[in-house]
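Hello,

Here is the structure you are taking over. My notes on what was found in it follow below.

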Amino acid sequence: MNKRVLMKGNEVIAEAAVRAGCRHYFGYPITPQTEIMHYMARRMVEAGGVMVQAESEVAAINMVYGASAAGARVLTTSSSPGISLKQEGFSYIAGAELPAVVVNIVRGGPGLGGILPAQGDYFQATKGGGHGDYRNIVLAPASVQELYELTVEAFNLADRYRMLTMILGDGTLGQMMEPVAFREEEPIDSSDKPWAVTGFKAAEREHNTIQSIYIEADDLEALNNRLQDKYQIIRQQEVRSEQVNCENADVIVAAFGTCSRICRNVIRDAAALGIHVGLVRPITLWPFPDAAVVSAADQSSVQAVLTVELNAGQMVEDVRLAVNGLKPVYFHGRTGGNMPTQKEILDKIRSIVGR
Amino acid sequence: MMEEKVFTRTPGLTDKPFHYCPGCTHGIIHRLIAETMCEMGILETSIGVSPVGCTYNNYEYFACDMVQAAHGRAPAVATGIKRVHPNHTVFTYQGDGDLAAIGTAEIVHAAARGEKISTFFVNNAIYGMTSGQMAPTTLIGQVTTTSPFGRSADAQGYPINVSEMLATLQGAVYIERVSVTGVKQIRQAKKAIRKAFYVQQAGLGFSMVEILSTCPTNWGQDPVSALQWVDEAMMKQYPLGVFRGSEIEVKPEWK
């Protein structure tokens, strides 16, 4: 095992990107994720890459669009209000089938909101904040080590499927320090993108074009069909989740990211009261791990499912769709940057099971 | 006696016929850019960025690698491309709605960064594709579908002189305004396009050529009077000339 170092989550994201072969970063400052830019400003010089501080999030995502079209592994990062501004670009990236990695270190909203951690961007991330029929792969790390691993994986997924892959973190993950072990990552084969605009030799290929516009109905429908086929493959092959203590549980708790860590501690608190609590932690928020939720909920021992989130109830809608009436689904959430305490969650579980 | 072919389509353009209206000068401007790339031997190392507007699909016409951008974002997209391929020639082709309204921030900051790209800014004082709305470049008194009584300074403000504005930025090293209303003007426009590419290749900074253009369809004029209107009305607001970089000489070794 590689030596572990103590590092801040935001800096680990940046280091992971560099190790994954990303040499182009475009961003705009916003709390609580700006350390990523600070780190990139120095690290990209060392690595022979480029960090551009854009004039806006709108410009930053369009720089990403250009750099990705040109064949590069490329990253932009922001937090909630900035991610809203990038939505136009997300839709174009989807339409042009470009790989890109975006990190959203979520803060409380709506509006300018606050700078404290939240999970209120779940809908925006998983249902698409931009226009048109498209999806982004959304990964939800719960520790600094996982921030590293999933950031590297995000670049691989983005390239494999030619689509935007988002890391949905929150202010806690970005700001906290934890031990992390880095790995040597596989070198990138940049010749693997024959569709990219790289300049061309007439003897070798025709000129390439990158576009998201199709004026003819049949052409645009063909693009949409191609996208939907791709999304179907991703639903079959890329779903990830973790189940903890689920076998013969009385209550299944569903939670992602930072919030799942609080719920993990509740398992022990509940056990002391003789209540068996299991945890399902989605790691891919899209595609959503329906099967893992159903397999945990559809046990005769399970009385109910409780979803806990740092929002007013967003992932709970996907949990309800998955559970589909098999068991009652409850919700507990806090907003504004507040965190539910273990006791709050335990009290909710006790009220559900009547003990 | 064998016939000698003295004029042919430039290989810088594809075989696809232009879709532009009769009397529109986009076709001339496309040809000038494409010819210049071929003459400079940079067609295969050039990457262009298409805008939103009448020329949204000029990626089908230019024979180099092309990227289609969101409305106004071409300079940001070009920035991303250029930072990946610093030795390639990267250009944007943008109209006055795209560049001077929705894309104002992107063009100003690409110029301010001295981004080593070339922008061809086609100014016809109107939104063409969406059927003749007022643009930031619409002249005072000009009738459009959204200024049906003529643009009034009081209600709708004044035209933006983009070249003069960008020429105030240090990173914008070469800025020239040209037109394509006659042979002499077309030859000057081509010289300016060539110079913009040379400035980029020499790594001097941002370059832009503003090209006054016609829109007979939305101006409600025939092609000849549209050209006259550029010469007589538009040039009063938008005088031709070099606003930055007149001292820069195109050096043979830049080839």
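Three salt bridges are counted between chain A and chain B. In one salt bridge, A:Arg205 meets B:Asp65, with 2.8 Å between the closest N and O atoms. Please keep in mind that this is a predicted model.

Five elements of chain A are listed as each giving at least two residues to the side that touches chain B: strands S2 (24-27), S3 (50-53) and S9 (209-210), and helices H3 (57-69) and H4 (80-95). H3(A) gives the most, with eight residues. Sorted by class, this side of chain A holds 19 nonpolar, nine polar and four charged residues.

As for the extent of the interface, 32 residues of chain A are in contact with 30 residues of chain B. The area buried between the two chains is about 2,500 Å², and carbon and sulfur atoms give 61% of it. On the side of chain A, the residues that lose the most area to chain B are A:Glu55, A:Phe200 and A:His207, which together make up 22% of what that side buries.

The two chains are also joined through strands. S9(A) runs parallel to strand S2 of chain B (residues 65-68), and two bridges join them. In one of the pairings, A:Thr209 has B:Met66 as its bridge partner in S2(B).

Now to the inside of chain A. The domain assignment gives domain 1 (4-198 + 225-237) and domain 2 (242-353). Their C-alpha centres lie 27 Å apart, and the contact takes 31 residues from domain 1 and 25 residues from domain 2. Between them the domains bury about 2,200 Å², with 56% of it on carbon and sulfur atoms. A:Gln119, A:Tyr122 and A:Phe123 supply 32% of the area that domain 1 buries against domain 2, more than any other three residues.

Three salt bridges are found across this domain interface as well. A:Glu178 forms a salt bridge with A:Arg261, the closest N and O atoms being 2.5 Å apart. Several elements of chain A each supply at least two residues of the domain 1 side, including helix H6 (144-161), strand S7 (164-170) and helix H8 (217-237). The largest share, four residues, comes from H5(A). By class, the domain 1 side has 18 nonpolar, six polar and seven charged residues.

Regards

Key
Residues are numbered from 1 along each chain as its sequence is written. Chains are lettered from A and ligands numbered from 1 in the order in which they are written. This is a predicted model: local features need pLDDT of at least 70, side-chain atom pairs count only at pLDDT 80 or more; totals for chains, interfaces and linings use all residues. Side-chain values use heavy atoms; hydrogens and water are left out. Contact means heavy atoms within 4.5 Å. Buried area is the accessible area (1.4 Å probe) that two parts lose on being put together, summed over both. A salt bridge is a side-chain nitrogen of Lys or Arg within 4 Å of a carboxyl oxygen of Asp or Glu. Ala, Val, Leu, Ile, Met, Phe, Trp, Tyr, Cys and Pro count as nonpolar, Asp, Glu, Lys and Arg as charged, and the others, Gly among them, as polar. Two strands pair if DSSP finds at least two bridges between them. Domain bounds come from an automatic or database domain assignment.
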